[in-house]
Amino acid sequence: MLGLIKLQSQISKLFVKSELKELVLLFIGILIMGFFELIGIASIAPFMAIVADPGLINTNTYLSFAYNYLGYTKQVYFLASMGVLVLLLLVISNSFIAAVNAWVVFFSRMQGHRLSVRLLDKYLAQPYSFYLSRNTAALGKNILSEVDRCIGGVILPTIQGLSKLVVTILIFLLLLLLNPALALGVTFVLGATYALVFIVAKRHLTRIGVLS
């Protein structure tokens with residue numbers, strides 16, 4: 001509970017009310033991006049299955065209904081239409097994903113600019129005695145490099161990590177819906193692999209840090 005209150009306090013220091021609203025809209029965009037990416041992934045497998053076995057058009061209830069309802073007379077025309085539809089879905093989903101990723105980078109960079117301006121205004125509002133006991137080069141470093149480090153090392157990776165987490169959760173839910181055993185198996189294998197890589201990398205980096 002205390003950790004959550006501390007996190008809220010830190011967020012309120014970094015973002016003003018209008019920026020928090022933009023952050024909420026960005027999060028909504030990330031959720032929509034996750035669904036688009038899920039649609040793009042989910043549309044490829046059925047199409048490849050139909051290409052490998054065109055007989056599915058007759059045996060699958062939904063495909064057979066679409067084939068007859070749309071008035072197709074040859075399977076090759078239906079396959080071509082499916083290919084165009086999948087391609088269109090991929091173009092739309094990837095375009096939206098690219099737009100959201102560009103928005104994430106733009107928001108992060110603009111937030112860096114806003115923080116720099118806010119920090120500069122705060123410094124300029126200080127009395128003359130404030131500068132007598134401080135190094136002006138350090139103040140300039142705070143405005144330029146430290147803010148950039150905060151944006152590039154914390155805010156941007158956090159938002160990008162959040163977007164990847166949303167996509168991962170949606171893909172897991174899709175696999176869980178289609179094949180629970182496969183979903184749990186893949187999650188266990190990937191989780192164990194990630195944990196192993198993390199442990200090995202952490203020990204290696206810790207050893208390097210001690211030696212240096």
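Is Gly55 buried, partly exposed or exposed, and what is its relative accessible area?

**View 1. Gly55 in a loop of the predicted model.** Gly55 is partly exposed, with a relative accessible area of 29%, where buried means under 20% relative accessible area, exposed over 50% and partly exposed in between, for a 1.4 Å probe and protein chains only. Gly55 is placed in the loop between α2 and α3 (56-59), and its C-alpha atom is separated by 54 Å from that of Arg203, 148 residues apart along the chain. This is a predicted model in which local features need pLDDT of at least 70 and side-chain atom pairs count only at pLDDT 80 or more, while totals for chains, interfaces and linings use all residues. Residues are numbered from 1 along each chain as its sequence is written, and side-chain values use heavy atoms, with hydrogens and water left out.

**View 2. The helices of the protein chain and its overall dimensions.** The protein chain holds eight helices and zero strands, which are DSSP runs numbered from the N terminus (helices: H or I, at least four residues; strands: E, at least two). Its C-alpha atoms fill a box of roughly 85 × 40 × 35 Å along the principal axes. The radius of gyration of the protein chain is 25 Å, whereas a compact globule of 212 residues would have a value near 17 Å; the radius is taken over C-alpha atoms, and the globule rule is 2.2 Å times the number of residues to the power 0.38. Buried residues account for 21% of the 212 residues in the protein chain.

**View 3. The largest nonpolar core.** This core has 18 residues, and those with the most contacts inside it are Leu26, Ile30, Met33, Val104 and Ile159. At least two of the core residues come from each of α2 (17-52), α5 (75-124) and α7 (136-178), and α7 gives the most, with eight residues. A nonpolar core is a set of buried Ala, Val, Leu, Ile, Met, Phe, Trp, Tyr and Cys residues joined through side-chain atoms within 4.5 Å.

**View 4. The surroundings of Leu26, and another core.** When its neighbours within four places in sequence are left aside, Leu26 is in contact (heavy atoms within 4.5 Å) with Trp103, Val104, Phe107 and Ile159. Apart from the core of 18 residues lies another core, of nine residues, among them Ile50, Leu63, Tyr67 and Met82.
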